[in-house]
Structure formats: structure tokens, C-alpha cells
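Thank you for letting me take a few minutes at this meeting.

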Amino acid sequence: MRKNRKYIFFIGIAALLFVGYLIADNMLFNGIKPYSVHESGFQANYFVKENTKSKAAVILIGGGQWGDYWAQQFANKGMVGLSLPYIGEEGLPRLPEEIELEYFENAINWLRKQSEVDPNKIIVMGASRNAELALIIASTFPESVSGVVAYAPSSVSWSNTVLPYNSNELKSSWKYKGVDIPYVPMNKIIGNESDKIKMVDYWKNGLAKTNFILQAAIKVEKINGPIILFSGNDDKVWPSSIMADMIERRLGHNSFEHSFQNIKYDNAGHLISNNPDNNSSYRTGIINIDGKDYKYEFGGNNIGDFKAKQDAKLKLMEFIEKI
């Protein structure tokens, strides 16, 4: 009998702790908890407030902490956020090469059916190579995507070999219906005798391949909605401001009918899509090339990045609210 009483006592304590945890969690957590989606050929975190009906939805290409942060920001504003990873998770490709655009098409089609979402107000958003992908998705599915947000964008599609950890065989990064999205073929970046590397030079050399640039240019003129680009003039990872200007020129030559904003910030670098409330002090990253680690600069400075991130967030929210 004593053993039974002791057992019941510990069960009761465990239950009280669990209930206390739930109460504390609800009291301390003032955000919006996501609903995990694993259906219709994709997986994502879905952020939305209760009773939301027919609102704009933003797909955060790449997902992860970055995607979850922004998806929650949009949900807090009464919109819908879908944080959408496409590599690295269980059941997803391990490497960002030959990624099938049907995956994103599945997510878009699913979103369009949700009662919380206005099917005519679906926006894709990405940063860096995910900005490249966001622009490609919007130009591939103009009947379904209503706008694009691209931080540190690319004007072209690049081969898989731009990333040192990808396979050595030259491949497309993206494909649709079994066909490669045209790309700029690149040799893998090579190291040197120092412990530092200038990333931006590698990409500028790629932009000098004019014949390939023409065929690999993202067909941004096909995008059926407004576009907003954010870049730092001191981006030292890749020449995002230069590529933003290339996008602007292409849109001008093709008499783009929708609104377009090319916003560039002085003293800002590659990381201006990060949390605007976080005045981060780290200025360098690490890249491993052939087994050796090299430091590279993100560009910008603490003050420049912080001001750019905060201003960009304001303009971003205004942009989406107008769609």
C-alpha cells in the first residue's frame, strides 16, 4: 500500500509540474506558435493568429530561425507567414542543388486553399541565394505569386558549384519539370596561403561571364506583382547592389508594369535581412575550402547594418500592406 501511495504521490507531482509548465509557457510566450505542416509535398512552419481570414501570406524561402522570425512578425501584424525550408531537414534534399521548383509550387497551392489566406496576395521573400530563388519562383509562377521581397538579391541563377560543400559535378541549382533553370557555370572557389578570403571578388568574376549572364538572367519581367529589393552598398559577400541594379535595368528594358523599389544602404553589408532588433557585433564569417577554414567579411558596420535593418523592416511592412 505504501508503495502505491508513493507511486501516486510522484505521479501527482509530475502532473502538477506539467500543468505548471503549460501555464507558465502560455503566460511567458506572447508570440504566435506555429503549426507544423507535413503534407501536400512540402514541410513548413505555418504562423497565423486565430480568426485571421483572407489576408496576405508571405513565404519565407529557406525557413529556419530566420524564416520563423519573419513569419511570426507577419503573423503578429495580422497576416500569414509560412517558414519554408527546402534542404537539410529529414525528408528534404541534403544539398542545395537541382532543387525542384515543384516543391515550392506545392506550398503555394496549399496556401491558396487556406481560409486565412487571400489567394491573390501571396508574396515570396528570401535573402542572398534564397533571394535568387524567390525571384525565380515568382517569375516561374506568375499566376500564383503576387509580389517579391529580396534582400541582398541576385540577378542571375548560379550553378551548384558556387558553394564549396556542394558536389564537384557541375549542376543546376534549380530545375522545373525536369529542365534545368539556366545558370552561370562557376568553378569552385579556391583558397590561398592566408587565413582570409575576399568572397565578393569570386562573384564579380562570375558576373564578367557576359555570355552566360545573358542566358542565366532571372526573367524578373515575368513577375506579376510589385518587387522590393534591399541591399547594402558595402556588401562584401557578393555584389548585391550591383545585381539589384542589373534587375532594375532589365525591368526598365521590358517596361515592367508593377511597382519596383531598389533600396540601397550605405555602410551596410550582407546581413541586413537579420533580426532588426538585434544590433549584432559579429562582422566576419567562416568558410571551409578544401578542409581549411577562412575568414570572410560581411561588410558594413554595426551602426550601418542596424539602421538599414530597421529602415528596411518599416519599408517591408508598408510594401506588403499595399499588396
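Predicted model: local features only at pLDDT ≥ 70, side-chain atom pairs only at ≥ 80, totals over all residues.

Let me begin with β5 and β8, the latter covering residues 174–176, which pair in the parallel sense over 2 bridges; two strands count as paired if DSSP finds at least two bridges between them. Strands here are DSSP runs of E with at least two residues, and helices are runs of H or I with at least four residues, both numbered from the N terminus. Within this pair, Glu100 has Lys175 of β8 as its bridge partner.

Residues are numbered from 1 along each chain as its sequence is written, and side-chain values use heavy atoms, with hydrogens and water left out.

Returning to the sheet, we find 3 strands in an open arrangement, ordered β5-β8-β9, with mixed pairing. Its edges are β5 (99–100) and β9 (179–180), each of which pairs on one side only.

Now to helix α7, where Ser240, Ser241, Met243, Ala244, Ile247 and Leu251 are buried, meaning under 20% relative accessible area, whereas exposed means over 50% and partly exposed lies in between, with a 1.4 Å probe and protein chains only. Seen down the axis of α7, these buried residues fall within an arc of 165 degrees, so they line one face of the helix; the arc is taken from the directions from the helix axis to the C-beta atoms. The face turned away from that buried side carries the exposed residues Gly252 and His253. After α7 comes Ser255, with a positive phi near 50 degrees.
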